[in-house]
Amino acid sequence: MLTKRPRGTNDFLPEDTCKWQYVENLLREICHEFGYEEIRTPIFEETELFLRGVGDTTDIVQKEMYTFEDAGGRSVTLRPENTASAVRAYVENKMAYRSQPTKLFYIGPMFRYERPQAGRFRQFHQFGVECFGAASPAADAEIITLAWEFYHRLGLQNLELNLNSVGCPECRPAYRKALQDFLRPNLDKLCDSCRERFDKNPLRILDCKNPECQQYLVGAPTTLDALCDDCREHFNAVNKYLDAVGIPYKINERLVRGLDYYTNTAFEILLSDIGAQSAVCGGGRYNRLVEEIGGKSTPGVGFALGMERVFNALASQGIELPAGRKVDVFVAALDAEAGEESFRLTTELRRQGLAAAQDVMGRSLKAQFKYADKFAAAYTLIVGGDELARGAVQLRDMAAGEQQEVAIADVVSLICAKFHK
């Protein structure tokens, strides 16, 4: 019986990975322009990190984490998101003592036990940025701009930026009480999760997707109604920065995001073309998270996006990414006697930085040419016959359809010159 991949996971074949590499390279290019540097954290962490860093009232912690006990009796969890890991790395490696702000990005697999559907998998891949040490609203606007720039360089259309402020520990208690007072008359009609959240974290009720719960939220007070002066000033400044660079946005007073650590700015970028999972990016500010994980009080802001959703979005709008790099030279051997020289020339071309392919299946020359078609090589080098006996090879320019005899001693440098290498 064939063993299949686990449900909710994917195999990415070479024709897929070349597209992933294009998108990843674009992300790295944009991060370089914005001054963000890459960080790589462990695939698994101590479970306590996510209990503290993500929040024990979140769906992630309550329902979705892959948690197990290792051979040493320690509870460990496959990372369900990367912000908590980035904060842990920032604190553990004393990055606060470096010149601030610390601007980091990451790309890698995350794990959540969810019901697989379009754009949602149990192993998925996430890109994110985190900026530590900057309390300015300019930092919020910068990371939003980075995300917006990425989607626009991909050519995606119909993007919508939703923006809100969830306040701070000073003004949120008043909103929390106002929301509880509003919901209390209908508390027994809410779903089990919302009733549990009512005392622990009532803001999460705003994030409930249950239609029955949503009807009891009509007319509920909003976070913007309860902002203190500092939070309102911060939010207005973020808006002005976005206005200055021409990024349109919609104020969404119900947007709270699904994690407990957010303060002040919360945002999502939506794309209606990809079905129910329309959020392609989300993030915000988390000024208490570093302290929660054991560091000094440090402001932070960041976002994350799911890579699989990026490709769903591209497919929904019919956007084709540039093809991966093709082979520069295909080296064909006329016969077995030419095999050694063919191998030597192929290796030398590769050492010069060219992409060179050769036959390793013992095919006939006709079959080699047919095999070479898949590579769309710019040049074909034909080794063997009378030319090899006199120290020469045939070099064919595939685009021009022209062929010339070249001395073996000169052919590598001649080909490199054509590619300016």
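Which residues of α15 are buried? The buried residues of α15 are Ile408, Val411, Val412, Ile415 and Cys416, where buried stands for under 20% relative accessible area, exposed for over 50% and partly exposed for values in between (1.4 Å probe, protein chains only). They cover an arc of only 125° around the axis, which puts them on the same side of α15; the arc is that of the directions from the helix axis to the C-beta atoms. An α-helix has 3.6 residues a turn, so residues three or four places apart point the same way.

The structure is a predicted model, in which local features need pLDDT of at least 70 and side-chain atom pairs count only at pLDDT 80 or more, whereas totals for chains, interfaces and linings use all residues. Residues are numbered from 1 along each chain as its sequence is written, and side-chain values use heavy atoms, with hydrogens and water left out. Helices (H or I, at least four residues) and strands (E, at least two) are DSSP runs, numbered from the N terminus.

The buried residues of α15 pack against the strands β12, β14, β15 and β16 (402–407) and against the helices α12 and α14, contact being defined as heavy atoms within 4.5 Å. After α15 comes His420, which has a positive phi near 60°.

Helix α12 comprises 13 residues (339–351), which at 1.5 Å a residue should span 18 Å; the end C-alpha atoms of α12 are 18 Å apart, in agreement with this. The expected span is 1.5 Å times one less than the number of residues. Buried positions in α12 are Glu341, Ser342, Leu345, Thr346 and Leu349. They cover an arc of only 135° around the axis, and therefore lie on the same side of α12. Glu340 and Arg351, on the other side of α12, are exposed. The packing partners of the buried α12 residues are the strands β12 (329–333), β13 (356–358), β14 (379–383) and β15 (392–397), together with the helices α14 (385–389) and α15 (408–418). Gly353 follows α12 and has a positive phi, near 90°.

Phe330 is located in β12 and counts as buried because its relative accessibility is 0%. Residues up to four places away in sequence being excluded, Phe330 touches Ala357, Gln358, Asp359, Gln368, Tyr371, Ala372, Phe375, Ala377, Tyr379, Thr380 and Leu381. Phe330 and Tyr371 are 41 residues apart along the chain, and their C-alpha atoms are separated by 9.7 Å.

Two packed helices are described by the angle between their axes and the distance between the axes. For helix α6 (residues 172–183) and helix α7 (residues 192–200), the axes come within 10 Å and cross at roughly 140°. This angle makes α6 oblique to α7. Axes are lines fitted to C-alpha atoms, for helices over the stretch in contact, with angles from 0 to 180 degrees between N-to-C directions. Angles under 35 degrees count as roughly parallel, over 145 as roughly antiparallel, 65 to 115 as roughly perpendicular and the rest as oblique. The crossing of α6 past α7 is left-handed, meaning that the near helix is turned anticlockwise from the far one by less than a right angle (clockwise for right-handed). At this crossing, Arg176, Gln180 and Leu183 of α6 meet Phe198, Asp199 and Lys200 of α7.

Several loops carry backbone features of note. Gln100 and Pro101 are joined by a cis peptide bond with omega of about 5°, and Pro101 belongs to the loop between α4 (83–92) and β5 (102–111). Asn158, although not a glycine, has a positive phi of about 60°. Asn158 sits in the loop between α5 (137–154) and β7 (159–165) and counts as exposed at 56% relative accessibility. Ala376, also a residue other than glycine, has a positive phi near 50°. The loop between α13 (365–372) and β14 contains Ala376, which counts as partly exposed at 48% relative accessibility.

Two further residues are buried. Thr222, in the loop between α8 (211–215) and α9 (229–244), has a relative accessible area of 7% and is therefore buried. Neighbours within four places in sequence aside, Thr222 is in contact with Tyr175 and Glu253. Asn264 lies in strand β9 (residues 263–271) and is buried, with a relative accessible area of 8%. With residues up to four places away in sequence not counted, Asn264 touches Asn164, Ser165, Val166, Gly167, Cys231, His234, Arg285 and Asn287.
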